[in-house]
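The exercises below ask you to read contacts and surroundings from the model shown, and each is followed by a solution worked in steps. Try each task on the structure before you read on.

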Amino acid sequence: MNYANWEFKKFIQRLRYYHGDFKYLSVIEFQKRDAIHYYIISDYSYIGHSDIEKIWGNGFVWIRDLLKAKN
């Protein structure tokens with residue numbers, strides 16, 4: 001988990017470098033298959049999926065606009 005948290009911290013730093021400062025809240029989910037997922041809510045307007053995936057650089061990224069979420 002320390003490595004995952006370190007990668008997440010680097011991701012936030014890279015986001016701020018490329019897109020400026022922002023506020024966020026994150027939650028970690030530990031799955032049964034030993035995968036770690038990070039859920040983030042932020043005050044960003046919108047950053048494209050491909051931009052986020054490039055900045056993250058560690059696999060799958062899913063983006064959802066809260067104004068359009070049904071649950």
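**Exercise 1. Aromatic pairs**

Task: Determine how many aromatic pairs a search of the whole structure finds, and classify the pair formed by Y3 and W6.

Solution. The structure is a predicted model, and a search of the whole of it finds 9 aromatic pairs. For Y3 and W6, the ring centres lie 5.9 Å apart and the planes meet at 40 degrees. Planes under 30 degrees apart count as stacked and those over 60 as edge-to-face, with the rest called tilted, so the Y3 and W6 pair is tilted. As for their place in the chain, Y3 and W6 are 3 residues apart in helix α1, and therefore about one helical turn separates them. Y3 is exposed, with a relative accessible area of 57%, whereas W6, at 45%, is partly exposed.

Next, take Y17 and Y18, which form an aromatic pair with 5.0 Å from centre to centre and 85 degrees between the planes, an edge-to-face arrangement. Y17 has a relative accessible area of 67% and is therefore exposed, and Y18 counts as exposed at 55%.

Finally, ring pairs also join residues into a cluster, whose members are F8, F11, F22, Y24, Y38, Y44 and W56.

**Exercise 2. The order of elements and the loops**

Task: State in which order the elements of the chain run from the N terminus on, and say where D34 and D43 are placed.

Solution. Begin with the count, which is 2 helices and 2 strands; from the N terminus on, they run α-β-β-α. D34 is placed in the loop between β1 (24-30) and β2 (36-42). The phi angle of D34 is near 70 degrees, a positive value in a residue other than glycine. D34 has a relative accessible area of 73% and is therefore exposed.

D43, by contrast in position, is found in the loop between β2 and α2 (49-56). If residues up to four places away in sequence are not counted, D43 touches F22 and K23. The C-alpha atoms of D43 and Y24 are separated by 6.6 Å, although these residues are 19 apart along the chain.

**Exercise 3. Surface and overall dimensions**

Task: Identify which residues make the nonpolar surface patch of about 300 Å², and find what share of the 71 residues of the chain counts as buried.

Solution. The patch is made by M1, I28 and F30. M1 lies in the segment before α1 (2-19). Residues count as exposed at over 50% relative accessible area, so M1, with 52%, is exposed.

For the chain as a whole, 21% of the 71 residues count as buried. The chain exposes about 6,100 Å², of which carbon and sulfur atoms supply 54%. Its C-alpha atoms fill a box of roughly 30 × 30 × 20 Å along the principal axes. Lastly, consider contacts in the chain between residues at least 6 apart in sequence: among these, 38% join residues at least 24 apart.

Terms used. Residues numbered from 1 in each chain as written. Predicted model: local features only at pLDDT ≥ 70, side-chain atom pairs only at ≥ 80, totals over all residues. Heavy atoms only, no water. Patch = residues over 30% accessible without salt bridge, like charges linked within 9 Å, V, L, I, M, F, W, Y side chains within 5 Å. Areas by Shrake-Rupley, 256 points an atom, 1.4 Å probe, with all protein chains shown as cover. Salt bridge = Lys/Arg side-chain N within 4 Å of Asp/Glu carboxyl O. Helix = DSSP H or I, 4+ residues; strand = E, 2+ residues; numbered from the N terminus. Buried < 20%, exposed > 50% of the residue type's maximum accessible area, 1.4 Å probe, protein only. Phe/Tyr/Trp six-rings, centres within 6.5 Å; stacked < 30°, edge-to-face > 60°. Contact = heavy atoms within 4.5 Å.
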